[in-house]
Amino acid sequence: MEVLGGRGLLVKAGNQRIWLDSKAENDGISLVSHAHSDHAPGRSNKIITTPETACVLKLFGSHRFEKLIQYGERVKFGDIRISAYPSGHVIGSSQFLVEGDGGSLVYTGDINTYDSVILKGAKPLGSETLILEATYGSPRYIFPAREEIYAEIIRWIIETIREGEIPAFKVYALGKAQEIIGLINAYLKIPALTSFTIDRITESLSQHGFKLDHLPVNSPEGLEAFRQGECVYVSSKKYSPPSKHRIRWAAATGWALRYRLNGFDAAFPLSGHADFSGLVRYAEESGAERIYLVYGFAEELARHLRRKGLRAEAIER
Ligand SMILES: [Zn+2]
């Protein structure tokens, strides 16, 4: 199998052309690892993805779906077989295994190798060729254990409410939003109030078995809870309805480990991506003979893996 970069990642397998998270309108088939906009496909692409990812993509545009595959399911396209496995990044996100006469290849998309309160971490898949994301592929990014970050978040929520202010998170509408709601549901007996887009996404994913208790902030009950103040507000924008309580804004991103985030009262290094150790472990355990790194610290991670004796190189998307 041949891996090419440029206008999106392209794999040539037999006579199939397989595009990976490519925005460009293209021929061949398009594997979509998850529904974040930087991975979203063109309108006419023949998409293969999970039902959960399709469900979120449909909320924001019209797309052409060739085939929806469940985790663990394997589908045939000519002489190529494609299967999807959880990647732990957001609800519905997947890694893909492509197998054919020319060998086998895994494309991870964005991965998180650690379990979260709502998702299982990604497990390494074996293949000859591996395309691995490298967002945090630098030894400067080693995150604390997720349980520790969760405990800090919960402590901060309780303290904020005790001091008469409303704890609020400005987070990605798909991913961190559901994780924060899941965390509130699991450990606190107070409502999670959601902004419009987060409510839409979370509601639509509930059809796929992800039941997360939340209240739209603009519903009568939501507004009442917000006025009363004993709640957590989860929003994709830094907007909030009027209230006599001051709002304390928090960010939740891996970058908070090394950077001060302006305009926030608190920041937690909670990431939907694996850290450096998680990525190195994935690369080693995959047993891949050839590793391509994409995104983020791709060059740095490639150098590190080569020092460990692996055949690794960074490629442009
Ligand atoms: Zn993503």
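This is a predicted model: local features need pLDDT of at least 70, side-chain atom pairs count only at pLDDT 80 or more; totals for chains, interfaces and linings use all residues.
Colleague: How many residues of β12 are buried?

Modeller: Five of the five, so strand β12 (residues 166-170) is mostly covered, given that a residue counts as buried with 20 or more other C-beta atoms within 10 Å.

Colleague: Which strands does β12 pair with?

Modeller: As background, strands of a sheet pair through backbone hydrogen bonds, either parallel or antiparallel. Here β12 runs parallel to strand β16 (residues 247-252), and five bridges join them. Three bridges join β12 to strand β15 (residues 232-235), also a parallel pair. To find these pairs on screen, look for Pro167, whose bridge partner in β16 is Arg248, and for Lys170, which stands opposite Ser235 in β15.

Colleague: Okay, let's zoom out. How many helices and strands does the protein have?

Modeller: Seven helices and 19 strands. The radius of gyration is 20 Å, close to the 20 Å that the globule rule gives for 317 residues, so the protein is as compact as a globular protein of that length. Along its principal axes, the C-alpha trace spans about 65 × 40 × 30 Å.

Colleague: What share of the residues is buried?

Modeller: Buried residues make up 46% of the 317. Among contacts between residues at least 6 apart in sequence, 55% join residues at least 24 apart.

Colleague: Which domains does the assignment give?

Modeller: Domain 1 covers 2-140 + 273-314, and domain 2 covers 146-268. Their centres, taken over C-alpha atoms, are separated by 29 Å. The contact takes 17 residues from domain 1 and 18 residues from domain 2. On the side of domain 1 that touches domain 2, the residues divide into 11 nonpolar, four polar and two charged.

Colleague: Back to strands, then. In what order do the seven strands of the open sheet come?

Modeller: Read across the sheet, the order is β7-β8-β9-β10-β11-β18-β19, with mixed pairing. The edge strands are β7 (74-77) and β19 (312-314), and each of these pairs on one side only. From one strand to the next, the twist averages 20°.

Colleague: What does "mixed" look like when I walk along the sheet?

Modeller: Begin with strand β8 (residues 80-86) and strand β9 (residues 94-100), which pair in the antiparallel sense over six bridges. Ile82 stands opposite Val98 in β9 there. Next, five bridges join β9 to β10, another antiparallel pair. These two strands form a hairpin with two residues between them, and Gly103 in β10 is the bridge partner of Gly100. Then β10 and β11 pair in the parallel sense over three bridges, with Tyr107 partnered by Ile131 in β11.

Colleague: Where do Asp21 and Tyr295 sit?

Modeller: Asp21 is in the loop between β3 (16-20) and β4 (29-31), and Tyr295 is in the loop between β18 (290-294) and α7 (298-307).

Colleague: Why does Asp21 count as buried?

Modeller: Because Asp21 has 24 C-beta neighbours inside 10 Å, and the cut-off for buried is 20 or more.

Colleague: How many other C-beta atoms lie within 10 Å of Tyr295?

Modeller: There are 18, so Tyr295 is partly exposed: that class lies between the exposed cut-off of 12 or fewer and the buried one of 20 or more.

Notes
Residues are numbered from 1 along each chain as its sequence is written. Helices (H or I, at least four residues) and strands (E, at least two) are DSSP runs, numbered from the N terminus. The radius of gyration is taken over C-alpha atoms; the globule rule is 2.2 Å times the number of residues to the power 0.38. Two residues are in contact if their C-beta atoms, placed from the backbone, lie within 7 Å. Two strands pair if DSSP finds at least two bridges between them. Axes are lines fitted to C-alpha atoms, for helices over the stretch in contact, and angles run from 0 to 180 degrees between N-to-C directions. Domain bounds come from an automatic or database domain assignment. Ala, Val, Leu, Ile, Met, Phe, Trp, Tyr, Cys and Pro count as nonpolar, Asp, Glu, Lys and Arg as charged, and the others, Gly among them, as polar.
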